[in-house]
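Here is a short briefing to read alongside the structure.

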Amino acid sequence: MKPRWQRDRMSQARLDDTAEELLGNGFRLGLVAAHDDGADLRVVYLFLAGRPDRRVELECVVPKHEPAVRSLAYLSFPAGRFEREMADLYGIRSVGHPKARRLVRHAHWPEDWHPMRHDASPVPEFDGAGHFPFVTVEGPGVYEIPVGPVHAGLIEPGHFRFSVAGETVLRLKARLWFVHRGVEKLFEGRPPNGAVELAERVSGDTSAGHALAHCLAIEDALGVELPDEVHRLRALLVELERLYNHAADLGALANDVGFGIAHAHTQRIRERLLRLNADVTGHRLLRGALRPGAVAVRALPDVAALQSVAADLAEITELTLRNTVVYDRFAGTAVLHEDDARALGCLGYVARASGVRTDARLEHPTTALPVTEVRAAAGDVLARYTLRRDEFAASTELVRHLTELHYGPTEYAETMPAPGAARSGIGIVEGWRGTIVHRVEIDAGRISRAKIVDPSWFNWPALPVAMADTIVPDFPLANKSFNQSYAGNDL
């Protein structure tokens, strides 16, 4: 299903006006990508709208001797964060930005080291811990609680600083990028068919989603079109990924309020789903099944077994919500209002639980799918729980439909054309957390730039907003109800 495409290179002044017009007409800012073209720098802004699928790319050239753009933060909160990222990694300043402080680079990073530039020096010596200018909240009885960046268990590093009066959170600041890995840089120089293993590891629990977004971007750049049956097989894998992650989250949320029996049973269900993944693809995390121009499935999922799992999970969630202690802890906790979710650009189940209609399967489809849209309105932990529950049931039905619809071989491989002139491509996938966007540029037969946007990029800022007026003991529960990826953010 071909989207409506528009690409324009323009001056900064015209770009400002065009961006304002697009955002006013229902588009959202999908990504901002900086590029080092040697003599100059270049900034690409991707605006997206769905139903029907529309994509608009605006780009402007930035001279290296004066690397600055006019900030679009006054139009879009996500734009301001993308601009701060560009400043850190490429040294492109955003003129007029209301809060142009570091985002990715922690204070101990050298001031003039921008690692995504081609002329960047090797990794220099870092100068100690540095200092991050947290806003201090003052008033009678106000105190701070620092949490992290090192946490108990297996959680990845992130620092959370609470300003608290009594037990009530007045302000929460999250500081991430402690494990910024330079993943986008690792794509550079790889052949178009030689980077999918890296895409699978952008965020380990979203291997299929990121692999598919990468494949779609490569195929878009090279002009490869695949038949519907291939897109349906690929969609099936992404739904299997949604199932095992939603099941795990439903149990973890119950566990965070002490209902461990539900957690134990959802872990049992998750294990069944992981084994099913291994039967379907040969890998529990669905790796190795997707490549540019190709899909390889060993076997179709057992529909009867999936429906049995769905019935099992439905019973567990019913018992969980019948527990009055669980229900009371979920209801009204960490509310993210619809207006805030829209302003922050939230995606996926976080947005849908606050009443926002968003789903790339319908907005940016590769093939027609009978997707059941699930939304809630309250925006609290309970809404994010019940939305996952209902999406699990809807996803099970979608897998059943895709399995019963499929006929013929379960492996397909298109001969990929040799890259010619410099090309770019976009891949958009509704991963289990929300919309994933990959953009690639291919030049001289190699990937010259890959820009990746995990939905966590958009959703992390919503957690501190939802925590306002929530008590400190509810933070683990609220955080789990969002369950954003550190790795997908710390690229």
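The domain bounds used here come from an automatic or database domain assignment. This is a predicted model, and its protein chain is divided into domain 1 (4-95) and domain 2 (183-479).

**Where the two domains meet**

- The C-alpha centres of domain 1 and domain 2 are 26 Å apart, and the contact draws on 28 residues from domain 1 and 25 residues from domain 2.
- Between them, domain 1 and domain 2 bury about 2200 Å², with 54% of that on carbon and sulfur atoms.
- On the domain 1 side, Arg28, Arg51 and Arg81 lose the most area to domain 2, and together they account for 28% of what that side buries.
- The count of residue pairs in polar contact between domain 1 and domain 2 is nine.
- Strand 1 (4-9), strand 2 (28-36), strand 3 (40-49), strand 4 (54-63) and helix 2 (77-90) each supply at least two residues of the domain 1 side that touches domain 2.
- Strand 2 gives the largest share of that side, with eight residues.
- Sorted by class, the side of domain 1 that touches domain 2 holds 15 nonpolar, three polar and 10 charged residues.

**Salt bridges**

- The count for the model comes to 40 salt bridges, and four salt bridges are found across the interface of domain 1 and domain 2.
- Glutamate 85 and lysine 451 meet through their side chains in a salt bridge of 2.9 Å, N to O.
- Arginine 42 and glutamate 441 also form a salt bridge through their side chains, at 2.9 Å, N to O. Arginine 42 lies in strand 3 and glutamate 441 in strand 14 (residues 435-443), so this pair ties together parts that are 399 residues apart in sequence.
- Are these two partners buried or exposed? Arginine 42 counts as buried at 7% relative accessibility, and glutamate 441 is buried with a relative accessible area of 12%.
- Glutamate 57 and arginine 439 make a salt bridge at 2.8 Å, N to O. Because glutamate 57 lies in strand 4 and arginine 439 in strand 14, the pair ties together parts that are 382 residues apart in sequence.
- Both glutamate 57 and arginine 439 are buried.
- A network of salt bridges links Arg7, Arg9, Asp37, Arg42, Glu57, Glu59, Arg439 and Glu441.
- Aspartate 390 and arginine 389 meet in a salt bridge of 2.9 Å, N to O. Aspartate 390 counts as partly exposed at 32% relative accessibility, and arginine 389 is partly exposed with a relative accessible area of 28%.

**Glutamate 239 in helix 6**

- Glutamate 239 sits in helix 6 (residues 228-255) and is buried, with a relative accessible area of 2%.
- The side chains of glutamate 239 and arginine 242 are joined by a polar contact of 3.0 Å.
- Not counting residues up to four places away in sequence, glutamate 239 touches Arg361, Ser395, Leu398 and Val399.

**Helix 16 and asparagine 479**

- Helix 16 (residues 475-482) is mostly covered, with six of its eight residues buried: Phe475, Leu477, Ala478, Asn479, Ser481 and Phe482.
- Asparagine 479 lies in helix 16 and counts as buried at 13% relative accessibility.
- Leaving aside neighbours within four places in sequence, asparagine 479 is in contact with Trp460, Leu463 and Tyr486.
- Asparagine 483 follows helix 16 and has a positive phi, near 45°.

Terms used. Residues numbered from 1 in each chain as written. Predicted model: local features only at pLDDT ≥ 70, side-chain atom pairs only at ≥ 80, totals over all residues. Heavy atoms only, no water. Contact = heavy atoms within 4.5 Å. Buried area = accessible area lost by both parts, 1.4 Å probe. Polar contact = N/O pair within 3.5 Å; in protein donor to acceptor, adjacent residues only side chain to side chain. Helix = DSSP H or I, 4+ residues; strand = E, 2+ residues; numbered from the N terminus. Nonpolar A, V, L, I, M, F, W, Y, C, P; charged D, E, K, R; others polar. Buried < 20%, exposed > 50% of the residue type's maximum accessible area, 1.4 Å probe, protein only.
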